[in-house]
Amino acid sequence: MDKREMTDKLLAMQEQLAQMSQEVESLSREWDELLVNSHNLEMENHYLRERINAYSSAYQDGQDSANHNATQASHDLGLSKARQNLMHIYEDGFHICNISYGQRRENDEQCMFCLDILYGNKEGDK
Ligand SMILES: [Zn+2]
């Protein structure tokens with residue numbers, strides 16, 4: 001290896017090192033963002049689970065009192081308030097079903113289980 005070759009090689013390596021150091025920097029920045037995102041999602045998930053639990057028990061209470069009153073009037077009027085709240089969460093793009101509740105619906109995909117919770121019992125209420 002002559003001097004010229006050596007110099008070229010050193011320059012090339014320096015360039016590579018600079019490039020790698022840039023990549024490491026940007027990766028570490030992305031990693032930080034991912035950590036923050038993941039934390040936010042965990043918080044969001046936690047918050048949504050609490051809301052769903054509240055709505056679910058509210059819905060359960062509503063159903064119980066409806067049974068006690070032996071009237072289906074509120075059902076005939078359409079969605080109950082608890083269902084409307086669940087509907088809003090669903091429309092916001094989150095699952096309300098037991099299987100994946102609190103998770104985002106990718107690309108607004110419809111979920112059979114969520115829809116079943118929203119509309120499932122209406123037919124059988126006759
Ligand atoms: Zn679902």
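Me: Let's begin in a loop. Where does N107 lie?
Reply: N107 sits in the loop between α3 and α4. Keep in mind that this is a predicted model.

Me: What is the phi of N107 like?
Reply: Positive, about 50°, although N107 is not a glycine.

Me: Is N107 buried or exposed?
Reply: Exposed, because N107 has 6 C-beta neighbours inside 10 Å, and the cut-off for exposed is 12 or fewer.

Me: And where is D108?
Reply: D108 is also placed in the loop between α3 and α4. Its phi is positive too, at about 60°, and D108 is not a glycine. D108 counts as exposed because it has 8 C-beta neighbours inside 10 Å.

Me: OK, zoom out. How many helices and strands are there in the protein?
Reply: Four helices and zero strands. Along the sequence the pattern reads α-α-α-α.

Me: How much of the protein counts as buried?
Reply: 8% of its 126 residues.

Me: Which residues make up the largest nonpolar core?
Reply: Eight of them: I52, L86, Y90, F94, I96, Y101, C114 and I117. The elements giving two or more residues to this core are α3 (81–91) and α4 (112–119). As background, nonpolar side chains tend to be buried together in soluble globular proteins.

Me: How do the axes of α3 and α4 cross?
Reply: They cross at roughly 155° and come within 9 Å. Angles over 145 degrees count as roughly antiparallel, so α3 and α4 are roughly antiparallel to each other. The crossing of α3 past α4 is left-handed.

Me: Which residues meet there?
Reply: From α3, R83, L86, M87 and Y90. They meet C114, I117 and L118 in α4.

Me: Stay on C114. What is it in contact with, leaving aside neighbours within four places in sequence?
Reply: Y90, H95, I96 and C97.

Me: What does the chain look like over residues 3–37?
Reply: 100% helix and 0% strand. The end C-alpha atoms are 51 Å apart.

Me: Last one, on contacts. Take pairs at least 6 apart in sequence: what share joins residues at least 24 apart?
Reply: 43% of those contacts in the protein.

How values were computed. Residues are numbered from 1 along each chain as its sequence is written. This is a predicted model: local features need pLDDT of at least 70, side-chain atom pairs count only at pLDDT 80 or more; totals for chains, interfaces and linings use all residues. A residue is buried if 20 or more other C-beta atoms lie within 10 Å of its own, exposed if 12 or fewer, and partly exposed in between; C-beta atoms are placed from the backbone. Two residues are in contact if their C-beta atoms, placed from the backbone, lie within 7 Å. A nonpolar core is a set of buried Ala, Val, Leu, Ile, Met, Phe, Trp, Tyr and Cys residues joined through C-beta atoms within 7 Å. Axes are lines fitted to C-alpha atoms, for helices over the stretch in contact, and angles run from 0 to 180 degrees between N-to-C directions. Angles under 35 degrees count as roughly parallel, over 145 as roughly antiparallel, 65 to 115 as roughly perpendicular and the rest as oblique. A crossing is left-handed if the near helix is turned anticlockwise from the far one by less than a right angle, and right-handed if clockwise.
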